[in-house]
Amino acid sequence: MDLESRNRWAEYSEAKDTMFSYTDTKQCPWWVVPSDDKKRARLNCISHLLSQIEYQEVSYPDITLPELNKDGTCERRSKSNLSSPIIMNDSTNLFYKADLNLLRTFRILLYERNMRKTAERLFVTQPAVSQALQKLRAIFDDELFVKVQGGLDPTPFALQLEDKIAPYLDGLETALNNLNEFEPSELSGTIKIALAPIVMASLAGGLFTEIRQQAPNVNLELLSWSQTTAEQIRSGEVFYGVHYDLENLSKELARDKIFDLEGRIIVRKEHPIKKSVITPLDSVGYELTSLISPGWNDHFSYASHILERQGYTPKVGFRSEMLLALIDVIESTDMLLPHSNLFPIHNYPNLRSLKVEVDNQTYTKSLFGYVHNKNRHSPKAKWIESIIKRKLPLYTDKHR
C-alpha cells in the first residue's frame with residue numbers, strides 16, 4: 001500500500017462496502033477474511049477453499065518405471081562445466097534448514113555443556129532448548145551431544161561444525177553490532193546541504209569548517225534553498241536542508257525543529273528610529289525590504305503579514321533573494337530590513353540591529369531541519385543536525 005492510498009483509506013473502505021452491497025448475493029457471496037495476521041489469513045483461505053470441494057479418496061494403479069533410455073549422443077554436463085551456480089533447494093541445502101537461532105543455541109550449548117545453563121543464557125525454557133537440539137540433530141543427522149556425568153559432551157561432528165561456522169557467526173555478530181557505530185572521519189563522497197537565505201550568510205563558513213575538520217574526505221556542497229529543494233531531498237540529490245516550517249511538502253520528508261530565531265530589524269546607523277527595540281507601531285511610515293526565501297515567501301513579505309495582523313498597512317519597497325542587495329539598499333535609505341539575530345551585524349559598522357517586539361513579547365520564529373524519512377534516524381543525519389544545532393547559537397548577536 002502506498003502513502004496516497006493510506007490517505008484515502010476511509011474512501012476505499014466506503015467504496016468496498018458499497019461494492020459489497022451491490023454484488024454480494026446468495027448465489028455468489030463474498031467471503032471476508034480478516035488479514036491483520038497474514039499467516040492466519042492465508043491458512044483460513046486455504047481451509048475455506050478446501051471446504052468447498054467434496055473430497056474423496058482416489059486410488060491409482062501401481063506403476064513400474066522402465067529403465068532409462070540413454071541412447072543417443074547427448075552427454076549430461078558435470079557441475080564444473082555449468083556457467084551458472086547450482087542453487088540447492090531447501091531439501092538439500094543445510095543453510096536454509098538451520099536458522100540463526102538454532103545455530104546460536106548450538107554454540108551456547110557447546111560452551112555450557114548443560115541444558116539448564118543454556119536455557120538461562122537464552123532466556124528460554126529447558127524444553128525449548130531440548131526441542132532446538134532435536135531439530136539440529138535432524139538437520140545434521142548427528143547426535144551432536146551425548147549425556148555424560150555432569151552434563152553433555154559434544155560429538156566429533158559437533159566440534160567440527162563449530163570450527164566451520166564460528167568465524168562466520170562471529171563476523172556476523174560484529175557486523176550487526178557495528179551498524180550503529182558512526183565515524184565521520186570514514187565518510188567520503190559528496191554531501192549536499194541546502195540552507196535558507198536567512199541562515200546561509202551566518203552559518204556557511206562555520207558549518208563548512210566543522211564538517212571539513214571531522215570528515216576531511218567529504219566534499220561539502222552548501223546550496224541556497226530553492227523551489228526545487230524539497231523535491232531534491234525527496235529524490236536523494238540533497239541530503240539535508242534547513243528552513244522555516246514549510247507547508248505542502250511530500251510526506252516522504254521528515255522535519256525536526258532545530259532552533260528558534262529572534263526577530264531583528266536592520267537599519268542604517270543614522271536611521272531616524274533611535275530605539276534599540278522596535279514594535280509594529282514604530283515601523284509605520286517606513287518602507288520594508290524583503291529577503292525572498294524560495295519555496296516559502298516567493299510572492300509575499302512575511303513582515304507585511306505580521307503588520308497587517310496588527311492592523312497596519314505596510315508597503316514593501318524592495319525584494320531580493322540576495323542579502324547583499326538588500327543591505328546595499330538600506331545603507332542609503334530609511335527602509336527597514338526584517339531579519340533575525342543571525343544577521344552578521346558585526347560585519348557592517350554602518351548598520352544597526354533592532355530587537356523586535358510584538359504584543360510585548362520578543363518575536364521568534366523556528367527553524368527546522370529537513371531530511372528524507374528513510375534517513376531521519378541515520379547516524380549521518382543526526383551528526384549533521386548536531387553540528388547545526390551547536391553552531392547556530394554561536395552566530396547569534398548575543399555571542400558576537
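**Cores**

I started with the largest nonpolar core, which has 56 residues. For this I took a nonpolar core as a set of buried Ala, Val, Leu, Ile, Met, Phe, Trp, Tyr and Cys residues joined through side-chain atoms within 4.5 Å. Buried stands for under 20% relative accessible area, exposed for over 50%, and partly exposed for what is in between (1.4 Å probe, protein chains only). I191, I193, Y240, F343, L367, I388 and L392 have the most contacts inside this core. Helix α9 (residues 197-214) gives the most to this core, with seven residues. My helices (H or I, at least four residues) and strands (E, at least two) are DSSP runs, numbered from the N terminus.

Another core, of 20 residues, lies apart from the largest one. I noted A98, L103, L110 and L169 among its members.

I then picked I193 and left aside its neighbours within four places in sequence. I193 is in contact (heavy atoms within 4.5 Å) with L207, I211, L220, E221, L222, L223, Y240 and I384.

**A note on the model**

I am working with a predicted model, where local features need pLDDT of at least 70 and side-chain atom pairs count only at pLDDT 80 or more, while totals for chains, interfaces and linings use all residues. Residues are numbered from 1 along each chain as its sequence is written, and side-chain values use heavy atoms, with hydrogens and water left out.

**Whole chain**

I find 13 helices and 13 strands in the protein chain. The radius of gyration of the protein chain is 35 Å, whereas a compact globule of 400 residues would have one near 21 Å. That radius is taken over C-alpha atoms, and the globule rule is 2.2 Å times the number of residues to the power 0.38. The C-alpha trace spans about 110 × 65 × 55 Å along its principal axes. Of the 400 residues, 36% count as buried. Among contacts with a separation of 6 or more, 71% come from residues 24 or more positions apart.

**Helices α5 and α7**

Next I looked at helix α5 (residues 100-112) and helix α7 (residues 126-140), whose axes come within 10 Å and cross at roughly 105°. The axes are lines fitted to C-alpha atoms, for helices over the stretch in contact, and angles run from 0 to 180 degrees between N-to-C directions. Angles under 35 degrees count as roughly parallel, over 145 as roughly antiparallel, 65 to 115 as roughly perpendicular and the rest as oblique. I therefore logged α5 and α7 as roughly perpendicular to each other.

From α5, I see L102, L103, T105, F106 and L109 meeting V129, A132, L133, K135, L136, I139 and F140 of α7.

**Single residues**

L246 sits in the loop between β5 (240-243) and β6 (253-268). L246 is buried, at 4% relative accessible area. Not counting residues up to four places away in sequence, L246 touches W225, R255, G295, W296 and Y370.

N248 is exposed, with a relative accessible area of 80%, and has a positive phi of about 60° although it is not a glycine.

N360 belongs to the loop between β11 (351-358) and β12 (361-362). Phi of N360 is positive, near 65°, in a residue other than glycine. N360 is exposed, with a relative accessible area of 74%.
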